[in-house]
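This report describes selected helix contacts and strand pairings of one protein model. Please consult the sequence and structure below while reading.

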Amino acid sequence: RVRQPVSGDYRIAVLSLKGGVGKTTTTVGLGSTFASLRGDSVIAVDANPDFGTLAQRIPGGSASTVRDLLADAANIRRISDVRAHTAQAPSRLEVLASERDPAASEVFGEDDYRRIVDILQVFYDIVLTDCGTGIMHSVMRGVLDLAHTLVLVASPAVDAARSAAATLDWLQAHGYGDLVDRTVVVVSSARPGSANVDIDAITGHFLARCRAVQVLPFDEHLAEGGEIDLDRLRPATRTAFVELAAMVADDFPHASGRHAVR
């Protein structure tokens with residue numbers, strides 16, 4: 001399922017309205033899983049307007065940002081030109097960092113994001129976007145309009161589940177009902193031990209509204225908040241990411257021919 005062909009490029013927006021629930025961790029884990037198991041090109045873009053940390057979750061890094069790629073757009077002819085602005089993890093996942101200057105990052109909006117996607121969709125088969133927590137920020141309209149699917153991340157806590165449900169309500173009310181139907185919800189356990197909530201109840205609630213739900217177990221390596229190495233994950237966590245990738249990939253055939261640009 002993970003390795004099935006994708007027609008054109010497939011765009012995944014990873015979203016959460018509540019910080020600290022594992023959104024960036026999920027972006028790197030899912031992207032790394034796709035990149036390590038597939039033979040095509042996979043990239044993750046940091047579209048967080050508030051000093052995103054996506055690039056800090058893989059080894060190495062690049063001095064370039066989304067702003068630098070846009071400035072160099074006229075010179076982009078091949079994938080190596082894009083890779084001059086990205087960092088690559090051992091899994092082969094490439095990462096394009098967000099603007100590091102908080103003042104400048106506010107300038108990165110919907111039109112800029114659309115231009116970034118215009119460049120990347122020529123060279124990459126799977127494009128993940130690590131979104132900020134502000135769904136009303138201008139860049140989010142571009143993200144939602146261009147996404148083939150959403151991965152909505154929540155923690156196994158009542159307030160986080162309510163925030164995730166409110167996100168779905170907002171999307172439904174603003175004309176993104178088709179995207180809600182294709183959403184995969186990730187319940188990410190950031191702390192050890194069992195939470196005082198009914199995971200089965202949370203899973204059932206979201207399954208009634210979305211396409212699939214995947215629970216990511218607590219993992220000490222992910223809890224460190226540093227660079228993510230798939231080989232250091234617990235087997236159960238690694239399996240959960242593979243299952244998540246398979247759930248997302250189940251939509252590949254249905255996305256063929258889908259008009260994702262509004």
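## Helices α5 and α6

Helix α5 (residues 110–123) and helix α6 (residues 138–146) have axes that come within 7 Å and cross at roughly 35°. Axes are lines fitted to C-alpha atoms, for helices over the stretch in contact, with angles from 0 to 180 degrees between N-to-C directions. Helices (H or I, at least four residues) and strands (E, at least two) are DSSP runs, numbered from the N terminus.

The model is predicted: local features need pLDDT of at least 70, side-chain atom pairs count only at pLDDT 80 or more, and totals for chains, interfaces and linings use all residues. Residues are numbered from 1 along each chain as its sequence is written, and side-chain values use heavy atoms, with hydrogens and water left out.

## Strand β1

Strand β1 (residues 10–15) is largely enclosed by the rest of the structure, because six of its six residues are buried (under 20% relative accessible area, with exposed over 50% and partly exposed in between; 1.4 Å probe, protein chains only). Tyr-10, Ile-12 and Val-14 lie on one side, and Arg-11, Ala-13 and Leu-15 on the other.

Strands pair if DSSP finds at least two bridges between them. β1 runs parallel to strand β5 (residues 126–131), joined by five bridges; Val-14 has Asp-130 as its bridge partner there. With strand β6 (residues 149–154), β1 pairs in the parallel sense over four bridges, and Ile-12 stands opposite Thr-149.

## Helices α7 and α9

The axes of helix α7 (residues 158–173) and helix α9 (residues 199–207) are 12 Å apart, at an angle of about 0°.
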